[in-house]
Amino acid sequence: MKKTLMMLMAVLLPLLLLISGCADKQEESCDFIFVSDSQSAPGSLDYAPFAALLRQALEQPADLLLHGGDIINDGADAAELQAFAAACGDELRALRWYISLGNHDDISLAQRFELPENRYDDTRMLVYSADCGAAHILVLDGNYLGVDDAALREWVRADLAAADSASWKIVVSHYSLYPFTDDAKDIQRAETQRELWESVLVEGGVDLFLSGHQHHYSRSEEQNGVVYMTVASGGKGGYTPPADTGGAALLLSGCQCWQRYHLDGATLEMTAYDAAGNIIDSLTLSK
């Protein structure tokens, strides 16, 4: 009996180790989609372009959808929200959404999504974080990053410090700290937000900063260790072409696009697509 048990363990032990290894790898893995600025043209209520892009993005499974803000054109308009929900249909419920709020959004939108419980305690803004595999995802409210809020900065510092075991730290906020634009208002906003927040994010070990607002596609070179990326996924149309203000790795004008991320432990892979399904950019980072 003892001999039989030992033989059985000899067979089962490698299998158990393999299963354990697979489980560890699965826990380290995360696949997510990033979109932003899904809003329609003012007054049109036409969310078909974004719905088509969303269906394309969901042809492959993902764990999360991250949204960089400006979900609809008027966040307090019930008819517009209904048009958005009707166009997107089942895709709204196909996976979990983590949203950031843009300048067109209303804080009440947060009630319509199942968001993480780890939230900053201020009902004016939407700031929260969660983990996905080896990634720590921090969502900031870009509408308030220009305010000198020491309590919020301390909460963010503590949140990032508590995530030191994460292989990747990713921030989502509507406005990029490094926008490729010649718009004076956007340049001034970025300068203010960099002054208040860049050192916090860099010292906290942030790797990626995902944003929207500018209706184009851009990816920066590393800025103090952080890569800044902007997408626009809706049908509202582009702003003026992006301005190469320095530090750009790729700029594409008037692009309706989205990104897919695959994170597996110490490796991060990003592929960006346009609305026709063409690959427009890719990036692989390793640690």
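Visitor: In what order do the strands of the open sheet of seven strands stand?
Guide: Strands, like helices, are DSSP runs numbered from the N terminus (E, at least two residues, for strands; H or I, at least four, for helices). Two strands pair if DSSP finds at least two bridges between them. The pairing in this open sheet is mixed, and the order is S4-S5-S6-S7-S9-S8-S10.

Visitor: What pLDDT do side-chain atom pairs need in order to count?
Guide: Residues are numbered from 1 along each chain as its sequence is written, and side-chain values use heavy atoms, with hydrogens and water left out. This is a predicted model, in which totals for chains, interfaces and linings use all residues, local features need pLDDT of at least 70, and side-chain atom pairs count only at pLDDT 80 or more.

Visitor: Which residue of S9 is the bridge partner of Leu208?
Guide: Strand S7 covers residues 208–211 and strand S9 covers residues 227–230; they run parallel and are joined by four bridges. In S9, the bridge partner of Leu208 is Val227.

Visitor: At what angle does helix H4 run to S5?
Guide: Helix H4 (residues 150–162) lies across S4, S5 (135–139) and S6. Axes are lines fitted to C-alpha atoms, for helices over the stretch in contact, and angles run from 0 to 180 degrees between N-to-C directions. On that scale, H4 runs to S5 at about 170 degrees.

Visitor: Is Ser176 buried or exposed, and what is its relative accessible area?
Guide: Ser176 is placed in the loop between strand S6 (168–172) and helix H5 (184–203). Buried means under 20% relative accessible area, exposed over 50%, and partly exposed in between (1.4 Å probe, protein chains only). Ser176 therefore counts as buried, with a relative accessible area of 7%.

Visitor: Which residue has its backbone nitrogen 3.0 Å from a polar side-chain atom of Ser176?
Guide: Beyond its neighbours within four places in sequence, Ser176 is in contact (heavy atoms within 4.5 Å) with Ala190, Phe209, Ser211, Tyr228 and Thr230. A polar contact is a pair of N or O atoms within 3.5 Å; within protein, one must be able to donate a hydrogen and the other to accept it, and residues adjacent in sequence count only if both atoms are side-chain atoms. The backbone nitrogen at 3.0 Å belongs to Tyr178.

Visitor: Which strands are the edges of the open sheet of six strands?
Guide: This sheet also has mixed pairing, with the order S3-S2-S1-S11-S12-S13. Each edge strand pairs on one side only, and the two are S3 and S13 (279–286).

Visitor: Which residue of S11 is the bridge partner of Phe32?
Guide: S1 and S11 pair in the antiparallel sense over six bridges, whereas S1 and S2 run parallel and are joined by four. In S2, the partner of Phe32 is Leu64. In S11, its partner is Tyr261.

Visitor: Which element gives the largest share of the largest nonpolar core?
Guide: A nonpolar core is a set of buried Ala, Val, Leu, Ile, Met, Phe, Trp, Tyr and Cys residues joined through side-chain atoms within 4.5 Å. The largest has 56 residues, and Trp97, Ile99, Leu210 and Tyr261 have the most contacts inside it. Its largest share, five residues, comes from S1.

Visitor: At what angle does H2 run to S11?
Guide: In H2 (residues 48–57), Phe50, Ala51, Leu53, Leu54, Gln56 and Ala57 are buried. They pack against elements including helix H3 (78–88) and strand S12 (267–274). H2 lies across S1, S2, S3, S11 and S12, and its angle to S11 is about 25 degrees.

Visitor: Why do the buried residues of H3 lie on the same side of the helix?
Guide: The buried residues of H3 are Glu80, Leu81, Ala83, Phe84 and Cys88. They are on the same side because the arc they cover around the axis, taken from the directions from the helix axis to the C-beta atoms, is only 160 degrees.

Visitor: Which residue caps the N-terminal end of H3?
Guide: The face of H3 turned away from its buried side carries the exposed residues Ala78, Gln82 and Ala86. At the N-terminal end, a side-chain oxygen lies 2.9 Å from the backbone nitrogen of Ala79, and the capping residue is Asp77.
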